[in-house]
Amino acid sequence: MAIEVIKPGLATSVQDAGRPGYYNIGIPLSGALDQYALRVANLLVGNEEGAAALEASLLAPELVFRAPAIVAIAGAEANPKINGEARPRNESFAVTADDRLSFDFMKSGARSYIAVAGGIAVPIVLGSRSTYGLGALGGFSGRKIAAGDVLPMGKPKPGARAGRALPADLAASYPKSLELRVVTGLYFRRITDESAKTFFEDTWTVAPEADRIGYRYRKGRPLSFRERQQPFGAGSDPSNIVDAGYPYGSIQVPGGLEPIILHRDAVSGGGYAMIGTVISADMDRIAQMQPNNLARFVEVDMASALKARAEYKAREARLRSTLSA
């Protein structure tokens, strides 16, 4: 059982729940940028929620199924079609051999997840099937999919069926303007009081080069760093520090110009100051921001971040309970 890639889309790759446990040796989490959407797609087709699926970015692929399958699409609003006929998002449906899956353009959101019953059966590398493109690791030959690739499908679990739908109250929405909650970091003190104020006052715009490594934002006022004599080992850029580890979701501002939020394929350390970290509950939302979408950063404390994480986990549990019933 296999899927043939006719058109790969802009940046489609195999992703699962990720590859934790290797950050200390420079191998990032990888995995789906929108973990909630991945879970939705997988649970709809009867898979384990972290099974390998296809993550399509901005422009979805065109695929032909070479065997019957149960399929579900979650994430961005890019309506799927089988042989030119519309199929639902957030609901499992059946395909037969030689059926062709294509998509409309993504009207909102930036990433769609294509799950098949049984999952995408590429080899497991360091405990995960996720693609880490910078390291040519995992996924399908360590890279984005390409035209002509043939992707193996795993064996469906008993009970996989068409017609399983996501309740409307568990569906995500993808606004073109949103707030991202931030806990300020160790190096926030390095920027001036005025910049500390404008960073949270300004509206920032997603840059075109935002990707799995990091989301870059533009059009806010530049940040100024406090003057100091750079310590030995730090670079000449005012935002440089002696190397430190980078948390997932951390915010760098090289030269004080454009904040970059590090996402799931980012390197694990380097020489830029991290002025804060986006809370874990908001990382899925970043993944669904298209270029030119707008964001405001909102400062929160650790108690608020932990409360938001608990709410996210409770929603996950409700999703799991509903779709596993």
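This is a predicted model: local features need pLDDT of at least 70, side-chain atom pairs count only at pLDDT 80 or more; totals for chains, interfaces and linings use all residues.
Student: Great, helices then. How do α1 and α4 cross?
Tutor: The axes of α1 (residues 35–44) and α4 (residues 302–324) come within 10 Å and cross at roughly 10 degrees. That makes α1 roughly parallel to α4. Here axes are lines fitted to C-alpha atoms, for helices over the stretch in contact, with angles running from 0 to 180 degrees between N-to-C directions. Angles under 35 degrees count as roughly parallel, over 145 as roughly antiparallel, 65 to 115 as roughly perpendicular and the rest as oblique. Helices (H or I, at least four residues) and strands (E, at least two) are DSSP runs, numbered from the N terminus.

Student: Which residues in α1 and α4 meet?
Tutor: From α1 there are Gln35, Tyr36, Arg39, Val40, Leu43 and Leu44, and they meet Tyr312, Arg315, Glu316, Leu319, Arg320, Leu323 and Ser324 of α4. Contact means heavy atoms within 4.5 Å.

Student: Are Arg39 and Glu49 buried or exposed?
Tutor: Both Arg39 and Glu49 are buried. The cut-offs are under 20% relative accessible area for buried, over 50% for exposed, and partly exposed in between (1.4 Å probe, protein chains only). Arg39 and Glu49 are also linked with Lys313, Glu316 and Arg320 in a network of salt bridges.

Student: How many salt bridges does the count come to?
Tutor: The count is 25 salt bridges. One of them joins Arg318 and Asp169, with the closest N and O atoms 3.0 Å apart. This pair also links distant parts of the chain: Arg318 is in helix α4 and Asp169 is in the loop between β11 (150–152) and β12, 149 residues away.

Student: And how accessible is Asp169?
Tutor: Asp169 counts as exposed because its relative accessibility is 53%. Arg318, at 39%, counts as partly exposed.

Student: Let's switch to Arg216. Where is it found?
Tutor: Arg216 is in strand β14 (residues 214–218), and at 26% relative accessibility it counts as partly exposed. Its side chain meets Glu258 in a salt bridge, 2.9 Å from N to O. Glu258 is in the loop between β16 and β17 (260–262), 42 residues from Arg216.

Student: What else is Arg216 in contact with?
Tutor: Leaving aside neighbours within four places in sequence, its contacts include Thr205, Val206, Ala207 and Ile260. The C-alpha atoms of Arg216 and Thr205 are separated by 8.4 Å.

Student: Now α2. Which of its residues are buried?
Tutor: Ser195, Ala196, Thr198, Phe199 and Phe200. The buried residues of α2 pack against β12 (177–184), β13 (204–206), β16 (250–252), β19 (274–278) and β20 (294–299).

Student: What does Ser195 touch?
Tutor: Not counting residues up to four places away in sequence, Ser195 touches Pro222, Leu223 and Ser224. Ser195 has a relative accessible area of 3%, so it is buried.

Student: Where does Leu223 sit?
Tutor: Leu223 lies in the loop between β14 and β15 (240–245), and at 5% relative accessibility it counts as buried. Beyond four places in sequence, Leu223 touches Ser195, Thr198, Phe199, Val253, Gly255, Gly256 and Ile275.

Student: Last one: where is Leu137, and what is it in contact with?
Tutor: Leu137 is found in the loop between β10 (111–116) and β11. Apart from neighbours within four places in sequence, its contacts include Arg19, Ile27, Val125 and Tyr132. At 18% relative accessibility, Leu137 counts as buried.

Methods: Residues are numbered from 1 along each chain as its sequence is written. Side-chain values use heavy atoms; hydrogens and water are left out. A salt bridge is a side-chain nitrogen of Lys or Arg within 4 Å of a carboxyl oxygen of Asp or Glu.
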